[in-house]
Amino acid sequence: MLDIAIGYVSPSKSLYSMKGGTHAGKYWLGELMPIQTFARKEIKFLLTAQQYQSFLPLLKQYMNPDKFCVDGKEYGIYNIYYDTPDDFLIRESLSKPYYKEKIRLRSYLSPTNPDDTVFLEIKKKIGGIVNKRRVTLTLAQADNYMLHGIHPNLGNTYIQEQVLDEIDDFRKRYDVSPKEYISYQRAAYFGKDDKDFRLTFDRALTARRSDVSLSQENYGTLLIPEDFRLMEVKIADSMPMWLAEQLAQLHVYKTSFSKYGRAYQMYAQSQQK
């Protein structure tokens, strides 16, 4: 198993070491239990409607629905991606460097009210391993911090303060502002035998570069065909044999797909017309 534990060293340096354990720093907020820090591999596949339907019997056999998929229903995810005035972060990401990072703000409500819970995340990819750290805020706190530099009161929560220090350092290096709104509907599952193994299926991927705020209604341009799903395999170890066999049988192959990357490429192409 390849796990990466990340310990914060200073505002400008993170320590990466090979250690056991993929999860750290969980806490409860009502019925939500966001993971403060984790590292894993994320492998992506684009599925047609027919290919997705072929997966459903296997999902019932090997996977359980995420607790947020109430009665097996999807749930919405709404994001704001931040970037520099010249879109440096996404352009650098699309060049496929060994190391890349980004900041986004995530909500599970649309539109999001000022006192609703949101998650400010810093996401890094190092040699194929994804690490995500997040801070829990209200939308008002997140907007005050990201737009006006007003630090939120985190109640001396160690892990949250640690993550916010890292985001502070990111914002010192990059002059970022809200650049892209991206939303989608998600069905999520975890393994019956391995709860660290997750599968997510995202559809109705939409994006826009105007009204870039979670307080606005959900709308935008589709990033993939309406009946397609973006499947993400999220694992700390190797892919289960049943999944590998099904992918081969359906002739489904790994793809390099970034939601923000696809949205930016579509925007860039529209500017050339």
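Predicted model: local features only at pLDDT ≥ 70, side-chain atom pairs only at ≥ 80, totals over all residues.
Student: How are the rings of Tyr 108 and Phe 119 arranged: stacked, tilted or edge-to-face?

Tutor: A pair of aromatic rings is described by the distance of the centres and the angle of the planes. For Tyr 108 and Phe 119 the centres are 5.9 Å apart and the planes make 70°. Since planes over 60 degrees apart fall in that class, the pair is edge-to-face.

Student: How far apart in sequence are the parts that this pair ties together?

Tutor: Tyr 108 sits in the loop between S7 and S8, while Phe 119 belongs to strand S8. Tyr 108 is partly exposed at 31% relative accessibility, and Phe 119 is buried at 1%.

Student: What is the angle between the planes of Tyr 264 and Tyr 267?

Tutor: Both tyrosines lie in helix H6 (residues 259-272), three residues apart, about one turn of the helix. Tyr 264 counts as buried at 14% relative accessibility, whereas Tyr 267 is partly exposed at 29%. Their ring centres are 6.3 Å apart, and the pair is tilted, with an angle between the planes of 45°.

Student: Where is Asp 116, and which side chain of opposite charge is nearest to it?

Tutor: Asp 116 is placed in the loop between strand S7 (99-107) and strand S8 (117-126). Asp 116 is buried yet has no salt bridge. The nearest side chain of opposite charge is 14 Å away, and that is Arg 208.

Student: Which backbone nitrogen does the side chain of Asp 116 reach?

Tutor: Let's look at the surroundings too. Leaving aside residues up to four places away in sequence, Asp 116 touches Leu 109, Pro 111, Leu 137, Thr 138 and Leu 139. At 2.7 Å, its side chain reaches the backbone nitrogen of Asn 113.

Student: Within what arc do the buried residues of H3 fall?

Tutor: In helix H3 (residues 139-148), the buried residues are Leu 139, Ala 142, Tyr 145 and Met 146. Viewed down the axis of H3, they line one face of the helix, because they fall within an arc of 135°.

Student: Which helix is included in what covers the buried residues of H3?

Tutor: The cover includes strands as well: S6 (75-83), S7, S8 and S9 (129-138). As for the other end of the story, H3 is followed by Gly 149, whose phi is positive, near 75°. The helix included in the cover is H4 (158-173).

Student: With which side chain does the side chain of Arg 134 make a polar contact?

Tutor: Arg 134 is found in strand S9. At 7% relative accessibility, Arg 134 counts as buried. Its side chain makes a polar contact at 2.5 Å, and the partner is the side chain of Glu 121.

Student: How far apart in space are Ser 210 and Lys 179?

Tutor: Ser 210 lies in the loop between strand S11 (198-208) and strand S12 (221-222). With 41% relative accessibility, Ser 210 is partly exposed. Ser 210 and Lys 179 are 31 residues apart in sequence, and their C-alpha to C-alpha distance is 8.2 Å.

Methods. Residues numbered from 1 in each chain as written. Heavy atoms only, no water. Helix = DSSP H or I, 4+ residues; strand = E, 2+ residues; numbered from the N terminus. Buried < 20%, exposed > 50% of the residue type's maximum accessible area, 1.4 Å probe, protein only. Lys, Arg positive; Asp, Glu negative; His and termini not counted. Salt bridge = Lys/Arg side-chain N within 4 Å of Asp/Glu carboxyl O. Polar contact = N/O pair within 3.5 Å; in protein donor to acceptor, adjacent residues only side chain to side chain. Contact = heavy atoms within 4.5 Å. Arc of directions from axis to C-beta. Phe/Tyr/Trp six-rings, centres within 6.5 Å; stacked < 30°, edge-to-face > 60°.
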